[in-house]
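Have the viewer open as you read.

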Amino acid sequence: MTVSSDWERVNQLFHEALALAPEARAAFVKTRAGDTQIFQEVMSLLQTYSAAEGFLSTPPDSAQVRAVVARLQAGDELGPFRITGLIGAGGMGEVYRAWDTRLDRQVAIKVLPQVSPIDDAGRERFEAEARAISRLTHPRISTLYDVGSATVGSMSVQYLVMELVEGETLAARLKRGPLPADQALAIAIEIAEALAAAHAAGVIHRDVKPANIMLTRSGAKLLDFGLARLRPSLGAGHAASGAGDPATHATGLFGTLPYMAPELLRGAGADARTDLFAFGAVLYEMLAGSPAFAAGSEADLVAVILEREPTPISARQPQTPPPLERLIATCLAKDPDERWQTAQDLVRALRWVRDDQSRPASSAPTARRLSWKTVAWGAIGATLLGLLIATAVRQPPVSKVSRVTFPVFAPPGTQFPRGTAEIAIAPDGSGLVFVAIAADGARQLWLRRFDAADSAALAGTEDAADPFWSPDARWIAFFTRGKLMKVSRTGGQPQVVCDARGDVRRGTWNQSGTILFSGYGQVLSRVPENGGNPHPVTILDESRGELAHLFPVFLPDGRGFLYLAVKRGTDSSELFQGSLDSSDVRRVFSSEANVGVAGRYLISLNKGVLVAQSYDPVRAAVTGAPIEIADRILSDPPRRSGGPFSAGAGSVVAYRSASPNSRLLWFDRAGRALESFPVAADYHHPRLSPDEKSMLIEKTDPSTGSHTIWVLDLLRGTTSRLIADPFGAHQPAWSPDGRRIVFSSNRLGGLALFMGPSDGSGAVEPVLPGEKAFVYIADWSRDGHYLLYQISRDGNTDLETLALAGDRQRRTFAGSAAREIQGQFSPDGAWIAYTSDESGSPEVYVRRFPDVGAKWRISTRGGVQGRWRGDGKELFYLATDGKLMAVDIKASASSFQAGTPHPLFNTGIAGSFVDRFNQYLVTRNGQRVLVNRSAEDENSAPITVVMNWDAAPRQ
Amino acid sequence: MPQDTDVTRLLLAWSDGREAAATPLMDAVYDELRRLARGYLVRERRDHSLPATALVHEAYLKLIDQRRVRWQNRAHFYAVAAQVMRRLLVDHARAHGATKRGVAITIPLDGVDVAAGGKSAELTALDTALDKLATLDPRQARLVELRYFGGLTIDEAAAVMDVAAITVKRDWAIARTWLYRELGGPA
């Protein structure tokens, strides 16, 4: 097939034939081909078609991509070592096969990840560690021969020269299933012997896991001894990142999580017994076929290791000899003092079990039980002996100041707000305050003291958001219903501090009683802690394109403060330092989220990793090496929610980890569940197409914060991505003919409206060119003539309409000091239903359009998200307790009448809705309701608290 | 954050038809892709595959100042990056892929088992087959390059190539089938 025009014909016939039933294809093609070659080609392709179904659907193998970017190639020389090939690459750098030209032997060379230059102290430490490890020579230990640094071309690299071990890792072997007990035992003994030899030489492995155990022809070998400690630390501060090599990404806790001992997770240093715990976990996995500790997220895994015992192996493998089970249980004791104290004891105990097993099984069960007891006694005897020896040579006790990490779960019957939790750590590090939402939708503040196991609700804090503390930790300030309030931590009536309307986000409180706070479209305002009128403290710098100043936080002197400046044209923001005493501001650096101040440290989020760095307020700059606190923080770009973490003045931080968050559920009017989408992900703003066959949705990736727009095909249940914009695409809506969509994006600055074809096939154009405020589409009238949208300026939000034809005139529909949001045209286009908080709380109103006149209030005790039925004779809205309400409407050219709202069912939507839009929708006939609901409790991640993050784990 | 506006200028120039900008543009993209991939290596966790597609997206964000680039230019970038990615992978596969039949040797690194060699042959064969497809239908070959090496979805590819999504779907279906057959896949 070499002629292009023939190929066109083949294409055409191929697709036409595909549309036919398989039996009919041959005949069809034969008639239409007109040429035997073409006929054969089409038939051949048709026959291969289904086999080719998945071909090329997964991108090139990661191994290939890694290989491409390996820094060294065959022939490169590192000192006396000549590279002969790449073996593999991973988080710790690349491993090559090499030839040792002095000793004429093959070796493995591990090249460490390139980071910013290591200082002399770091290099010395590195070499001292390596020296200790290289002294280990044992048949069961893969030897470290040498360490070095070399320059290859323009690169300088640090490398380790190791024994080249060929075989299969235990991890790979375990993918094929568990091992029989005798094999597992044999491997276990060899590894335990390796550990015993190493511990005797004073070296702890620190990263025992199946991937570090190699099954070779001559037995098992333990690899990468102590190398976990040799990971280089992070490079210099933020100014350097963003271009070139990113900093190394370690968890800060050395080891691999599923095998880490509880005391390690609590920040204690590693000793022989932490290796033995990991060993026990490996032995468990060899027998059971799956890990001893597993959970859906890292934070959950920590909790499981700290609190739960693994399922007994005998439950999964009934043939497991009981003595082996008990031996493993001893390894996995939560308290290190309850474990085998030395690897030598463990070796002895394992040998007992092996020798006992190899004794011919007698038919009498009693004989078996007897030998079991013997082994148990023997093991205990060995333990006693081991204890005596161990006390003589035990490692020094670990320092009391150690890093501790633990989860804080939402109180029973409540959930955290979707997205990031609104968390505030007490300045004295004694506890934290967070927002949780009850089943009836009520949102309030809870206080959790760190010396208690439970949280307590703070009375009087209904509808609270974004809490923060007074510096003496006696008061908690928060925003509710347009006001800034404070409440004593011991309880009592909350007091009003001042008005705080609009989209307020966070405040900070200094020792002299001044509070700073701010919100979207606003600058920072100050107010005395005992009440008064707020006064602005900063000014928006238009020349830099600043849109708002958010997340203020006082510096330790209580006069200077830091804040985030959100700009147009980019999703990233900038951190500035200002002062109560002058109007000068200085730029610190770019930041993707809010920052925290903990004494002399600045806590910030850098590429999804929470780090702390020394901060010098005099120079308004960070200094010194960053300390990594945690990664995989649940985070939205700062304009959308509260900051993702909180830092206390002591060394405590709290944050939420990323996890998916919502489900789309269908119900009938009576609230009976109908068939729904199976997938849980972070969905927002569902919108039914006019023909009700598809749905637009905004999807968020919680760990990267990216927002994209998707189209769901409701008949086939498939999804396809429509708009993927580096700036994020938000809150889409359909045109009445379903051919176009409107959405918001930061592409040009602010959050501007764009319009484009609904099949993604063409260019996208701005709707309001030149408009700099934040705009979200509310609705597009059925006759296609008008757009209704929300526009946020200067801390206030109003509703405007745009005439799409003619002069493209913009008119205010509902604009006042109150927030007007969430509008929808009635089907005949003569009315608009919308939400306003002018009465103090959000209610649904209806007003005529386009001749705006009187308004009618529809909801009675709070309501949001009003939506019309397709015939305009009924209005739905959400009450504040999550119930879906329905109201009969009689509207005509001359009058409007709304009936009494009656509840349909409880949607289970929790939380304060005013900031949430499009959480439900109703089909045109008013018979089916789609609810966007948070996923079940087990999916929502807890708050993770890290204490003493500045205490490095000690030996 | 985009750092290098020079690359933006190169992209704009090349989009405008100035061929001289093509080589420096390719070089810049090549360097950036390699640098990014190394960054991914360092950050990577167990069991996560290193996505060639994510590299391309990230290279775009890093290299290009989006304020100056319109939709069509972005399409060009992706076309370039996909091509560069293909060259990167295939050149390396040709030069260094040691195809070992039988058991691949696996050496573990932090829990990631990497099999050396076996897959290289497939890449070089695919590259040759793609060149052959290009003589039959250059658009379909470019589509495969965009999707497989550049990681674009059907809709993105349609936007980049400025054709309707339905055309892309059909092209993809047949191009994939043809390549599969060409590489000797069992029916």
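In chain A, helix α7(A) is followed by A:Gly202, whose phi is positive, near 85°. The helix itself covers residues 181–200, and its 20 residues should span 28 Å at 1.5 Å a residue, which agrees with end C-alpha atoms 28 Å apart. That expected span is 1.5 Å times one less than the number of residues. Helices here are DSSP runs of H or I with at least four residues, strands are runs of E with at least two, and both are numbered from the N terminus.

Some housekeeping: this is a predicted model, where local features need pLDDT of at least 70 and side-chain atom pairs count only at pLDDT 80 or more, while totals for chains, interfaces and linings use all residues. Residues are numbered from 1 along each chain as its sequence is written, chains are lettered from A and ligands numbered from 1 in the order written, and side-chain values use heavy atoms, leaving out hydrogens and water.

Next, a sheet. Four bridges join β45 (residues 796–803) to β46(A), and A:Thr801 stands opposite A:Arg811 in β46(A).

Now the rings. A search over all chains finds 20 aromatic pairs. Rings of Phe, Tyr and Trp (its six-membered ring) pair if their centres lie within 6.5 Å; planes under 30 degrees apart are stacked, over 60 edge-to-face, and the rest tilted. Here are two of them:

| Pair | Type | Centre to centre | Plane angle |
|---|---|---|---|
| A:Tyr563 and A:Phe576 | stacked | 5.8 Å | 15° |
| A:Trp856 and A:Phe896 | tilted | 4.9 Å | 40° |

A:Tyr563 sits in β25 and A:Phe576 in β26 of chain A, so their pair ties together parts 13 residues apart in sequence. A:Trp856 in β50 and A:Phe896 in β54 do likewise for parts 40 residues apart. A:Trp856 is partly exposed at 29% relative accessible area, whereas A:Phe896 is buried at 7%. Buried means under 20%, exposed over 50%, and partly exposed in between (1.4 Å probe, protein chains only).

Finally, A:Leu884 in strand β53 (residues 883–891) of chain A counts as buried at 0% relative accessibility. Beyond four places in sequence, A:Leu884 touches residues including A:Phe876, A:Tyr920 and A:Val929, with contact meaning heavy atoms within 4.5 Å.

Definitions and conventions: Two strands pair if DSSP finds at least two bridges between them.
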